[in-house]
Amino acid sequence: MILFFGRTDDAPLTRAIGAARDAGLRHLVIDQARTARYDLVVGTDALDARLTVEGTRVPLGEVSAVYARPLEPPEDADPAARARAAAFQEWFVGWLDTAPAVVVNRPRAMGSNASKPYQAQLIGRCGFAVPETLVSDDPEEILAFRARHGRIVYKSVSAIRSVVTEFTAADENRLALVRGLPTQFQAYVPGQDVRVHVVGTDTYAAAVDSDAIDYRYPGRDGRSVRLAPYDLPAETARRCVQLAAALGLPLAGVDLRRTPDGSWVCFEVNPMPAYSYYEAHTGLPIASALVAHLAGRGAAVPVGV
């Protein structure tokens with residue numbers, strides 16, 4: 001039995017559910033919008049709790065794999081329902097860290113992304129170059145960093161999504177704001193972006209053709225973006241797999257840039273990647289690969305057995 005946990009309006013989750021359905025694999029969807037209606041019975045052994053979803057009773061000890069994308073649940077007008085849903089999510093996410101099943105990804109493994117500078121050190125240990133980085137609340141130190149590198153960008157230090165933005169002369173006028181919020185600055189790295197999705201020991205790479213600083217938000221500056229499958233060099237693919245494994249991530253989105261001289265720089269690793277965007281634009285079979293990984297490449301039980 002494969003469990004899918006998350007919101008059914010979330011494209012990465014729904015694509016994986018569809019791939020499981022197409023493969024004829026036995027699975028169950030735990031919809032965050034309906035958890036207040038589910039029945040959870042926890043005995044003396046929390047790992048062997050029983051969950052009833054839409055009339056289907058599932059001993060969690062019999063679950064073979066889980067794909068979890070815990071997002072903010074939809075707001076419920078009923079305070080009791082909100083409290084019940086919050087309690088369910090807290091227990092279930094905690095269970096994911098100790099469940100004797102294949103879990104993509106365990107919550108504890110996502111912690112490295114909570115500090116971008118810390119994660120950069122882990123990336124470097126796996127052999128990737130990383131941009132020279134400064135985290136500072138000192139305007140003079142930041143200006144000296146820019147003078148040394150010419151072009152720099154800034155972004156969030158934490159896992160909270162932010163738009164990567166180039167530091168310009170206009171930013172100098174508000175640089176004093178960093179005294180209240182230390183900010184991460186990095187040397188600008190020229191080249192082509194390549195997003196690599198690691199699924200187990202497989203890699204699926206997409207080349208990104210865009211002149212936007214942050215290609216995820218090209219519309220902010222009137223830019224465009226085009227994606228296409230990319231033939232990743234074997235050594236770079238091996239290093240991506242090694243990096244994801246070192247971070248404990250069966251599924252990872254690795255953000256690379258190939259510089260004009262042919263070297264590779266890694267910016268960060270997304271532990272809960274929205275792979276559906278890349279799959280939709282390139283045809284890369286990421287959802288099918290994910291489900292194959294969850295199924296142990298055919299080890300899961302087909303529907304009806």
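Trainee: At the start of helix 4, which backbone nitrogen does a side-chain oxygen of D138 reach?

Mentor: The backbone nitrogen of E140, to within 2.9 Å. That is a polar contact: a pair of N or O atoms within 3.5 Å where, within protein, one must be able to donate a hydrogen and the other to accept it, and residues adjacent in sequence count only if both atoms are side-chain atoms. Helices (H or I, at least four residues) and strands (E, at least two) are DSSP runs, numbered from the N terminus.

Before we go on: this is a predicted model, in which local features need pLDDT of at least 70 and side-chain atom pairs count only at pLDDT 80 or more, while totals for chains, interfaces and linings use all residues. Residues are numbered from 1 along each chain as its sequence is written, and side-chain values use heavy atoms, with hydrogens and water left out.

Trainee: Thanks! Which residues of helix 4 are buried?

Mentor: Buried means under 20% relative accessible area and exposed over 50%, with partly exposed in between (1.4 Å probe, protein chains only). In helix 4 (residues 139–149), P139, I142 and F145 are buried. Their arc around the axis, taken from the directions from the helix axis to the C-beta atoms, is only 120 degrees, so they sit on the same side of helix 4. On the other side, E140, A147 and R148 are exposed. The buried residues pack against strand 8 (133–136), strand 9 (152–155) and strand 11, with contact meaning heavy atoms within 4.5 Å. After helix 4 comes G150, with a positive phi near 85 degrees.

Trainee: Let me try helix 3. Why do its buried residues line one face?

Mentor: Those residues are K116, Q119, A120, L122 and I123, in a helix spanning 116–125. Seen down the axis of helix 3, they fall within an arc of 160 degrees, so they line one face. Their cover includes strand 11 (183–187), helix 6 (234–246) and strand 16 (264–270). Helix 3, too, is followed by a glycine with positive phi: G127, near 95 degrees.

Trainee: On to cysteines. How many disulfides are there?

Mentor: A disulfide is a covalent bond between the sulfur atoms of two cysteines. Here the rule is a pair of cysteine sulfur atoms within 2.5 Å, and the count is zero. C126 is in no disulfide, as the nearest cysteine sulfur, that of C266, is 9.2 Å away. The sulfur of C240 is 7.0 Å from the closest cysteine sulfur, also in C266, too far for a bond. C126 is buried at 11% relative accessible area, and C240 is buried at 0%.

Trainee: Now the sheets. How should I read strand order?

Mentor: Strands of a sheet pair through backbone hydrogen bonds, either parallel or antiparallel. Two strands pair if DSSP finds at least two bridges between them. Three bridges join strand 3 to strand 4 (residues 50–53), and V41 stands opposite R50.

Trainee: Where does A49 lie, and is A49 buried or exposed?

Mentor: A49 lies in the loop between strand 3 and strand 4, and is buried at 0% relative accessible area. A49 and P59 are 10 residues apart in sequence, yet their C-alpha atoms are 6.0 Å apart in space.

Trainee: What is the strand order in the parallel sheet?

Mentor: That open sheet has four strands in the order 2-1-6-7. Its edge strands, strand 2 (27–31) and strand 7 (102–104), each pair on one side only. Strand 6 (residues 65–68) is joined to strand 7 by three bridges, with A65 opposite V102. Helix 8 (residues 286–294) packs on this sheet, touching strand 1, strand 6 and strand 7, and its direction makes about 150 degrees with that of strand 7. Such axes are lines fitted to C-alpha atoms, for helices over the stretch in contact, and angles run from 0 to 180 degrees between N-to-C directions. Helix 1 (residues 11–22) lies across strand 1 (2–6), strand 2 and strand 6, at about 160 degrees to strand 1.
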